[in-house]
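Thanks for coming. Please have the structure open while I talk.

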Amino acid sequence: MRAERLAPYILVAPAVLIIVALRLWPLALGVNFSFTGDGELNGAFVGPGNYLELAGDPLFHTALRNVGLLMLLLPVAVAIPGLLATFVYLRVPGHRVYRSVYFFPAVLSPVIVGAIFNLVLGYDGPLNSVLAAFGAGPVDWLGDPGIAMVTVAGVHIWATFGMALVVFLAGFSTLDGSLLDAARVDGASLRQAIRHVIIPGLTRTIQFVFVTTTIGMLTSMFGLLFVMTSGGPEGSTYLPEYYIWHQQGQLNRPALASAASTVLFVVMLVVGLLQVSLLRRAGRQD
């Protein structure tokens with residue numbers, strides 16, 4: 001009996017040890033390092049000095065504001081693959097081809113995607129040529145501080161929604177098809193079927209996609225930012241991960257970069273917990 005009680009702990013022990021060794025221990029070291037100094041104070045304890053410097057750095061403020069902007073765009077980043085997965089699941093004509101086309105951007109390197117869209121979105125690029133044909137003036141997509149971050153975020157959504165699409169399709173495999181059939185028999189429209197059948201049936205999948213998409217937006221946009229804007233114009237496209245790279249790789253300030261990494265971790269943790277809580281509450285209400 002005792003062996004049976006210990007069996008689950010023995011089975012999960014290797015995974016727990018790997019997580020502790022490769023995730024939690026480095027995280028603890030990073031947090032500890034964030035309370036030390038850079039340069040002449042390298043290794044010396046400075047308390048919350050690095051965090052106070054971050055609080056007074058306008059560039060870091062911009063990076064955090066851009067995090068807020070990404071959170072506003074997050075529902076769009078989740079809704080697009082969700083809707084496309086719904087159409088594929090409902091077997092619209094050509095759904096096999098669409099599934100391949102939708103996933104294709106996910107296999108491209110961010111560097112390649114950034115280079116392609118630098119050409120497409122250039123001031124004299126094809127997109128502005130199309131706008132000019134309709135009498136609209138050229139837009140400086142990557143040079144205007146007011147829209148550059150939205151532009152890069154849009155490119156990121158286009159380049160990564162294929163993975164979320166695959167997750168949604170996997171979620172659809174667990175959906176009870178008889179519920180959709182019953183909705184059709186009752187005369188439900190596509191919008192009603194999505195709202196009352198598909199969304200409640202995919203609550204856990206939607207939660208997962210929300211959290212993973214958030215993590216992707218906050219930790220996987222460096223390549224696009226580096227290639228498309230290099231943090232400009234005027235620092236308007238800085239995100240915490242780009243700020244961390246700039247402090248560590250360009251200014252040789254690893255302790256300050258560790259403090260910024262800690263702040264980013266806390267932001268991701270809080271946002272993720274809030275998302276799960278809100279989505280669970282919405283699922284209960286439905």
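I will go from the whole chain to a few single residues.

First, the ground rules. This is a predicted model, in which local features need pLDDT of at least 70 and side-chain atom pairs count only at pLDDT 80 or more, while totals for chains, interfaces and linings use all residues. Residues are numbered from 1 along each chain as its sequence is written, and side-chain values use heavy atoms, with hydrogens and water left out.

Now confidence. The score is pLDDT, the predictor's confidence in each residue, from 0 to 100. The protein chain averages 89, and 98% of the residues score at least 70. Confidence is lowest in helix H8, residues 177-185, with a mean of 80, and highest in helix H2, residues 49-55, at 96.

Next, the overall build. The protein chain has 13 helices and 0 strands. Helices here are DSSP runs of H or I with at least four residues, strands are runs of E with at least two, and both are numbered from the N terminus. Along its principal axes, the C-alpha trace spans about 80 × 75 × 30 Å.

How much of the chain is buried? Of the 286 residues, 36% count as buried. Buried means under 20% relative accessible area, exposed means over 50%, and partly exposed is in between, with a 1.4 Å probe and protein chains only. The accessible surface comes to about 16,400 Å², and 68% of that belongs to carbon and sulfur atoms. Those areas come from the Shrake-Rupley method with a 1.4 Å probe; for residues, only the protein chains shown count as cover.

On contacts, meaning heavy atoms within 4.5 Å, take the ones between residues at least 6 apart in sequence: 68% of them join residues at least 24 apart.

On charges, there are 15 positive and 14 negative, and their mean positions are 17 Å apart. Lys and Arg count as positive, Asp and Glu as negative, and His and the chain ends are not counted. Each charge is placed at NZ of Lys, CZ of Arg, CG of Asp or CD of Glu.

Let me turn to the aromatic residues. The whole structure holds 12 aromatic pairs. One of them joins Tyr102 and Phe161, a tilted pair with 6.2 Å between the centres and 55° between the planes. Tyr102 sits in helix H4, residues 95-103, and Phe161 in helix H7, residues 148-172, so the pair ties together parts that are 59 residues apart in sequence. Phe161 is buried, at 9% relative accessible area. For the cut-offs, rings of Phe, Tyr and Trp (its six-membered ring) pair if their centres lie within 6.5 Å; planes under 30 degrees apart count as stacked, over 60 as edge-to-face, and the rest as tilted. There is also an aromatic cluster, made up of Phe222, Phe226, Tyr238, Tyr242 and Trp245.

Tyr238 comes up again with helix H3. Which residues does Thr62 contact, leaving aside neighbours within four places in sequence? They are Gly235, Ser236 and Tyr238. Thr62 lies in helix H3, residues 58-89, and is buried at 16% relative accessibility. Ala63 is in helix H3 too, and is buried with a relative accessible area of 0%. Not counting residues up to four places away in sequence, Ala63 touches Tyr238, Leu239 and Pro240.

Now the backbone. Where is the cis peptide bond? The bond runs from Gly232 to Pro233, with omega near -5°. Pro233 is in the loop between helix H11, 222-228, and helix H12, 240-250. Ser230 lies in the loop between H11 and H12, and has a positive phi of about 55° although it is not a glycine. Ser230 is partly exposed, at 44% relative accessible area. Arg91, also not a glycine, has a positive phi near 60°. Arg91 is in the loop between H3 and H4, and is exposed at 57% relative accessibility.

Asn252 is in the loop between H12 and H13, and counts as exposed at 58% relative accessibility. Arg280 is in helix H13, residues 254-285, and is partly exposed at 45%.
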